[in-house]
Amino acid sequence: MSGHSDINDNDRETKASRAHSDPPTCRSIGCAKTVSILSITGLSSAVDAFPAQFFYFWSGQIMSRTLSIASTAVFVSSLFLMGHGPVASADQASAADPIKIGIAVSDTGKFAIEGHSTKHGYEMWADQVNARGGIDVAGTKRPIKMIYYDDQSEPETAIKLVQRLISQDKVDFLFGPYSSGLTIATSAIAAKYKKIMFAGAAAANSVFDHKNKYVFSPLSLTSSYNTSGLEALKAKGVKTIAVMHSDDAPMTDVKNATVKQAEAMGMKVLSVQTVPADATDITGAMRQMQATKPDAFIEAGTTLMGLLATRTMRNIGWAPTYVLMVQAPTEVAFVKELGAANAEGIMAPTQWVPTDRLKDDYFGTAQDYFDAYVKKYGSNPSYLPAGASAAGLSLQWAIEKAGSIDTEKVRQALLAMKLDSFFGLIAYSGADDPSGLMGANVHRQMLTIQLDAQGHQVVVAPPNIAEAPIQPLKPWDAR
């Protein structure tokens, strides 16, 4: 877009150290790749390595690595079927058997903070189900068995683990990872095997525009993340903004929607900066935005990126009148790392807040969920655990309505769902939805919060449910 500047190459050179050793795959694009599929049930030794293609996401576009994921899935499934014949249907399983759910989610790597929150949400739901004896499947209670693996925040690892969950662990359903990029990659495998995947922590429009009929998410879409925040900023007289985003798919989606909406509201976008998702030095990008003197700074990245951006603002002495960050201020770790004084005044979109106005027969009110989470984990939940639990609640409701764990019966129940829950309304779009998206909760509204002097989240938008007006950011030397 004309008038927008990009981060210089020097800022791209600094990368965060990885919290784990690299998987045994070549990391340079274009190099030869092999993947071993180990111990497929009934095979006594590893299958010879075979080509595979991994999706990487750059500015919202899918880039191929070397080989085809589709061909990977076809090859794995053909090996499986040749060795073992047709897979038994869900209804042939014993009624006493647990319903197995497979989850590859980040325990290490750049998405570890968000991955832990997402996993906690899945655990909250599973605990609630099993405490009641299981899910009612046509009059028989069946418990839940959760199988977790660490995807290390890496697409290659996530893909292999989902293949393992399906082929070796024989899971009935899949719960997705944090990050829309990882979800898009793994949901392609889920679709090949006709396994429903709940994207409990992915909301990019690009997750749902591939016409994958097996992926569902209760979250609001990234295209609406900053809508209420921008509207509130406009009401405060903001005329100019600068935007910085990480170079992965979901945050690129957020950036695109933010720029489009801001311009439609009459705001001028003075600078757009793109930084690597695992950058450790973004000073160059921040100084370029600071030089344009925008009324508001908007950041789209992980919690680690939000922490880095806040520290960098303080280091260079930049305190825009308003700061809006995707994700980071909603996590307890953000306030804990910075201290309440340094976090005060920063805003963020959020999917969910604890309130007595949202409730269901499973978790009770949103405040009940909040209290139960604090009791179990000792910290306040962001929207991520709530969204992950809502994904589980969707599956539970659909299975009970279908009276079966058969994939197609459950999928049809999901498409017919209109569920009022502790997370708000859950209703999934079908193939004929005007949005062009499938499996998305397209009509869900995002909220905007601002951190107060104690680090508490206060709803400031939209106006009909705001708890307080937006406050300008204090200068750093006044804190």
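Reply: Buried here means under 20% relative accessible area, and please keep in mind that this is a predicted model. With that cut-off, 7 of the 8 residues of strand E11 (residues 268-275) are buried, so strand E11 is largely enclosed by the rest of the structure.

Me: Which strand is joined to E11, and by how many bridges?

Reply: Strand E10 (residues 240-246) runs parallel to E11, and 7 bridges join the two; in one of these pairings, Ala242 has Ser271 of E11 as its bridge partner. Together with helix H8 (residues 249-264), E10 and E11 make a right-handed β-α-β unit.

Me: In what order do the strands of the open sheet lie?

Reply: The order is E6-E3-E7-E8-E9, 5 strands with parallel pairing. Strand E6 (144-150) and strand E9 (215-216) stand at the edges with a single partner strand each, so one side of each is left without a neighbour in the sheet.

Me: How many residues of helix H14 are buried, and what is found at its start?

Reply: Of the 20 residues of H14, 17 are buried, so this helix is largely enclosed by the rest of the structure. Helix H14 (residues 383-402) reaches 28 Å from its first C-alpha to its last, close to the 28 Å expected at 1.5 Å a residue. At its start, a side-chain oxygen of Ser382 reaches to within 3.1 Å of the backbone nitrogen of Leu384, while just after H14 Gly403 takes a positive phi of about 65°.

Note on methods
Residues numbered from 1 in each chain as written. Predicted model: local features only at pLDDT ≥ 70, side-chain atom pairs only at ≥ 80, totals over all residues. Heavy atoms only, no water. Pairing = 2+ DSSP bridges. Helix = DSSP H or I, 4+ residues; strand = E, 2+ residues; numbered from the N terminus. Buried < 20%, exposed > 50% of the residue type's maximum accessible area, 1.4 Å probe, protein only. Right-handed = clockwise from strand over helix to strand, strands pointing away. Expected span 1.5 Å × (residues − 1). Polar contact = N/O pair within 3.5 Å; in protein donor to acceptor, adjacent residues only side chain to side chain.
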